[in-house]
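Work through the exercises below with the sequence and the 3D structure at hand. Each task is followed by a worked solution.

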Amino acid sequence: MQPFQAAMQQMITPEPPTTPHAQLELKNFLPYRLSVLSNRISSALAREYSQRFGLGVTEWRVMAVLGRNRGLSANQVAQRTAMDKVAVSRAVASLITAGRLLREFDENDRRRSVLRLSDAGYAVYDEVVPLALEFETHLLGGMPGEERALLFRLLDRLDELELHAEGIVLESQPVQG
């Protein structure tokens with residue numbers, strides 16, 4: 001049995017409840033399924049770039065965002081990646097130390113620093129992007145174009161729905177003062 005099939009079988013075959021507690025069927029719980037899939041995909045891709053460039057997943061995500069969006073603050077990177085600000089801050093510090101990232105002050109607001117890839121950062125970025133795209137091609141290779149288009153439409157829709165649901169949850173929480 002393949003590792004994926006074994007993992008899915010464990011999720012599909014629930015253990016009988018032994019306590020009167022609430023039950024959560026993880027195989028049908030979208031956040032869990034998306035998290036597991038995302039972790040597996042990220043880990044598989046990370047094996048490629050971590051061995052060659054000594055990058056972790058968070059560092060690569062920071063570089064990927066800054067490779068397309070020059071001059072963002074660390075907070076903006078955290079928002080665009082939905083990553084923890086502390087994790088982004090550590091990745092930024094590591095990338096600056098490695099000479100792959102530059103921190104500059106915003107011309108209009110000297111209190112705000114902005115980040116951009118250095119020449120060394122772009123050299124790594126320019127090698128990792130083709131690896132990432134090749135990995136995506138292999139990952140989606142068995143999926144016809146119509147299914148891929150549907151997948152991305154559904155992901156866009158889930159993104160919209162999550163933002164709406166998050167807004168509802170935030171509105172329903174009491175304001176702490």
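Tyr 125 has a relative accessible area of 11%, so Tyr 125 is buried; buried means under 20% relative accessible area, exposed over 50%, and partly exposed in between (1.4 Å probe, protein chains only). The model is predicted: local features need pLDDT of at least 70, side-chain atom pairs count only at pLDDT 80 or more, and totals for chains, interfaces and linings use all residues. Residues are numbered from 1 along each chain as its sequence is written, and side-chain values use heavy atoms, with hydrogens and water left out.

**Exercise 1.** Classify Tyr 122 as buried, partly exposed or exposed.

Solution. The relative accessible area of Tyr 122 is 24%. Tyr 122 is therefore partly exposed.

**Exercise 2.** Classify the ring pair of Tyr 49 and Trp 60.

Solution. Step 1: rings of Phe, Tyr and Trp (its six-membered ring) pair if their centres lie within 6.5 Å; planes under 30 degrees apart count as stacked, over 60 as edge-to-face and the rest as tilted. Step 2: the centres of Tyr 49 and Trp 60 are 5.8 Å apart and the planes stand at 40°, so this pair is tilted. Step 3: Tyr 49 belongs to helix α2 (residues 30–53) and Trp 60 to helix α3 (residues 57–68); helices are DSSP runs (H or I, at least four residues), numbered from the N terminus.

**Exercise 3.** Classify the ring pair of Tyr 122 and Tyr 125.

Solution. Step 1: the ring centres of Tyr 122 and Tyr 125 are 6.0 Å apart. Step 2: their planes are at 85°, so the pair is edge-to-face. Step 3: both residues lie in helix α6 (residues 119–140), 3 residues apart.

Conventions
Helices (H or I, at least four residues) and strands (E, at least two) are DSSP runs, numbered from the N terminus.
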